[in-house]
Amino acid sequence: MKNIHIGLSIYKSILIILILITFTCLFFQFIINPQNYISIICPSRSFVQLTGIITTIISSILLILFTLNLLFNRNRGITINEKGVIVNMNVFDKQNILIEWSNIKSIERIEYYNQNLIIIYLKNNDVFFNKINNRINLFMHKYSLKTLGSPITFTSRALKIKNNDELEQLLQDSFNEFKKKNKEVKPDRSDLNINHKLLRLE
């Protein structure tokens, strides 16, 4: 099995940054012009401003982290090799944690809040958790396990690959290749039974 690395797409990443900038500017309007956004959901100026402050802070943090991630972490992405998969797309994650093929139960795709996600289900989640030394990253993976049933979820949205279909197929093909190479040869029980009876007759 050859090594495959799928890095971050600059064009897709720039698009995500522009979307984050748009949302940040929109939420900032809640702070400076709260009277324009009073509604049933936001019934007062103070409530609109508080909502604007919280959402602006969150979107600004995401914008900064994603921008720094794009500028200084060019090796981020997904790496596939004969030992397993390395999913390094989290802005809080500075490790390259290997997810061994032997610990993977299945690779599936689900829809979650209109997002098309690829999920890697593990045989033993603790093996993966024990490799994480970042508390924020550990919390995010455990939250993913609680909500989605697996600590490892991702999408092709920011990667140099066409879509989730292509990414999932690549992962499935590599996983199947590993299973084929490491398939255990089960002994023929009928032969064992015959040999046992012959021994008893002797």
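Predicted model: local features only at pLDDT ≥ 70, side-chain atom pairs only at ≥ 80, totals over all residues.
View 1. A salt bridge here is a side-chain nitrogen of Lys or Arg within 4 Å of a carboxyl oxygen of Asp or Glu. Residues are numbered from 1 along each chain as its sequence is written, and side-chain values use heavy atoms, with hydrogens and water left out. Both Glu177 and Lys181 lie in helix H5, four residues apart, about one turn of the helix; helices (H or I, at least four residues) and strands (E, at least two) are DSSP runs, numbered from the N terminus. Glu177 is partly exposed at a relative accessible area of 30%, whereas Lys181 is exposed at 57%, given that buried means under 20% relative accessible area, exposed over 50% and partly exposed in between (1.4 Å probe, protein chains only).

View 2. Arg109 is partly exposed, with a relative accessible area of 33%, and Asp165 is partly exposed at 43%, while Glu168 counts as buried at 16%.

**View 3. The buried face of helix H5.** The buried residues of H5 are Asn164, Leu167, Glu168, Leu171, Ser174, Phe175 and Phe178. Seen down the axis of H5, these buried residues fall within an arc of 135°, so they line one face of the helix; the arc is that of the directions from the helix axis to the C-beta atoms. What covers them includes strand E1 (4-7), strand E5 (104-112) and strand E6 (115-122), while the face turned away from the buried side carries the exposed residues Lys180 and Lys181.

View 4. H1 has 23 residues and reaches 33 Å from its first C-alpha to its last, close to the 33 Å expected at 1.5 Å a residue, where the expected span is 1.5 Å times one less than the number of residues. The buried residues of H1 are Ser13, Ile16, Ile17, Leu20, Thr24, Phe27 and Phe30. Ile10, Ile14, Leu18 and Ile21 make a nonpolar surface patch of about 320 Å², the area coming from the Shrake-Rupley method with a 1.4 Å probe, and for residues only the protein chains shown count as cover. Patches are made of residues with over 30% relative accessible area and no salt bridge, like charges being joined within 9 Å and nonpolar side chains (Val, Leu, Ile, Met, Phe, Trp, Tyr) within 5 Å. Leu18, which lies in helix H1, is partly exposed at 47% relative accessibility.

View 5. Ile132 lies in the loop between helix H3 (125-129) and helix H4 (135-148) and is buried, with a relative accessible area of 10%. Leaving aside its neighbours within four places in sequence, Ile132 is in contact (heavy atoms within 4.5 Å) with Gln95, Ile97, Asn137, Leu138 and His141.
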